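Have the sequence and the 3D view ready.

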Amino acid sequence: MSQSTPTREVARRVFASEFNDAGYTFKESDDERAPVYALLPTGASANRVFFVGTLTEKDDVGDDAEYWRARIVDPTGTFFVYAGQYQPEAASAIRDLEAPAYVAVVGKPRTYETDDGTIRVSVRPESITEVDATVRDRWVVETAERTLERVDAFEEEANEYGRMAREEYEFDPATYKAAALAALEDLDESDELAGETADSPAGV
Amino acid sequence: MSELRQEAEAIAEQFSDHLNVDADEVEERLENLVNEYRVPLDEARRSVTNSYLDDAGMEREEIGRGGSEQVLVNDIDRDEQWVDLRVKLVDLWEPRSDAISQVGLLGDESGTIKFVSFVTSELPKLEEGASYQLSNVVTDEYEGRYSVKLNRTTTITEIDEEIEVGDNAETVEGALVDIQSGSGLIKRCPEEDCTRVLQNGRCSEHGQGEGEFDLRIKGVLDDGRTVTEVIFDREATEELTGMTLAEAKEMAMDALDTTVVAEEMAGDILGRYYRVTGPTFGRYVLVDEQEEPGPVDVESALIKARSI
């Protein structure tokens, strides 16, 4: 029986430093049209991601047709987002945006191999929208929590992606845990600073 | 106690009246399947249970007696669970098969759920509007929707109590990661009692028609673990986007294109977090109440994070 409503893939929350390490991809079935997953080094599969960061640079790197490359920075690193004629909405969103700006991106992980054999991980966006700092802060907290949960469950017996990550990667999950904690601490400090400024009397 | 141990004790308990089943032995068998042969826990449970059924020469329906739990219909989220319900018969439908004695809708304060009773179970017929305590019914799932099956072991007790039936309300929170087609400024069929959305000016029931403008957003909320499809009706869409139906019509008129409305809305709402509450309809949550969760509490998040 064919399923009339294929289940939509969840959008994983992952920081740039971990996402950029997720160079191993796999399918869950032999079907040619089966979805491709990137293996997150903390032990999870990701067919889609959602992230919020600061757009710092955008370049049209296309030869004939428009092909936009955007750098979007989070507390741990940089996401590389590429959008061309097959992502018309995302491409036009990047064209219209002015850096710096907080943006929210929904997209699919893509990998490619460079001439020297390194695997680079980038994002093919489904949507890009400008958001405010509140959304960005919520994403940082949410992503830190999800990352810590993944690291916590990494060694569990029933965690097949944890096992796959141990086989395919040599990254230490503790690195991502430290990055997640650091991201939260930074946010907490900048919150306090903002609080102090807001509390000080005018003109001081 | 480990998850395996819990399952093992539950299985041993199910057979306690029929077989001398030791929880340690069950646990060992589950462990072998799950850890050694990488069988998912659900499948392992089924397989181990079946082998004990064989040993005892029993049918699947005969176990679970006494072990089932009193639940609310909207809390049912797994299949093949033995449960007890305190419900009102809300609606009876026409059975589509001779094997079915009754089919319809049961409700309690949490919402409603489909039920089926089979001829072979030889159960007394339920009456519309009456309330019952049903013990030992089995949950079932089809494409993510749950129902319950009455069976030979089910006991039916009519109760003299008016049960208020709820609307399966759910609260979901997450980032709005997608706006589906059929969102924004849409046209609905003007025929009486028909609210179908026109596709290229056509109603699937009544054909070509003028149509009446309406606003709607079919969106996807995603919290990084699960996705939920949500529908904002005109009122909810106006609240969400700040754009009224009149403004949307004007915008479409200026552009000579209705799709600009959804595009404009997308820029304002995609990628933001929302918390919505409303009744469930199939796989959708129909939004009654909505809010943006506001600034996040970093300090408590940090305290929690450090404890992991």
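This is a predicted model: local features need pLDDT of at least 70, side-chain atom pairs count only at pLDDT 80 or more; totals for chains, interfaces and linings use all residues.

Residues are numbered from 1 along each chain as its sequence is written, while chains are lettered from A and ligands numbered from 1 in the order in which they are written.

**The cores**

The largest nonpolar core holds 84 residues, and Val105(A) and Leu184(A) have the most contacts inside it. A nonpolar core here is a set of buried Ala, Val, Leu, Ile, Met, Phe, Trp, Tyr and Cys residues joined through C-beta atoms within 7 Å. A residue is buried if 20 or more other C-beta atoms lie within 10 Å of its own, exposed if 12 or fewer, and partly exposed in between, with C-beta atoms placed from the backbone. The top contributor to this core is helix H3 (residues 133-153) of chain A, with seven residues. Helices (H or I, at least four residues) and strands (E, at least two) are DSSP runs, numbered from the N terminus.

Which residues does Leu184(A) touch, leaving out those up to four places away in sequence? They are Val141(A) and Ala144(A), plus Val298(B), Ala301(B), Leu302(B) and Ala305(B). Touching means that the C-beta atoms, placed from the backbone, lie within 7 Å.

In helix H2 (residues 88-96) of chain A, the buried residues are Ala90(A), Ala91(A), Ala93(A) and Ile94(A). They sit on the same side of H2(A), because they cover an arc of only 160 degrees around the axis, counted from the directions from the helix axis to the C-beta atoms. Over on the other side, Pro88(A), Arg95(A) and Asp96(A) are exposed. The cover over the buried residues includes strands E5 (48-60) and E9 (119-130) of chain A.

Most residues other than glycine have a negative phi, and most peptide bonds are trans. Two residues go the other way on phi:

| Residue | Phi | C-beta atoms within 10 Å |
|---|---|---|
| Arg38(B) | near 55 degrees | 11, exposed |
| Glu80(B) | about 60 degrees | 15, partly exposed |

Arg38(B) is in the loop between helices H2 (23-36) and H3 (41-56) of chain B. Glu80(B) lies in the loop between strands E1 (69-70) and E2 (82-93) of chain B.

Finally, a cis peptide bond joins Ala99(A) and Pro100(A), with omega about -5 degrees. Pro100(A) is in the loop between H2 and strand E8 (101-113) of chain A.

Conventions. Two residues are in contact if their C-beta atoms, placed from the backbone, lie within 7 Å.
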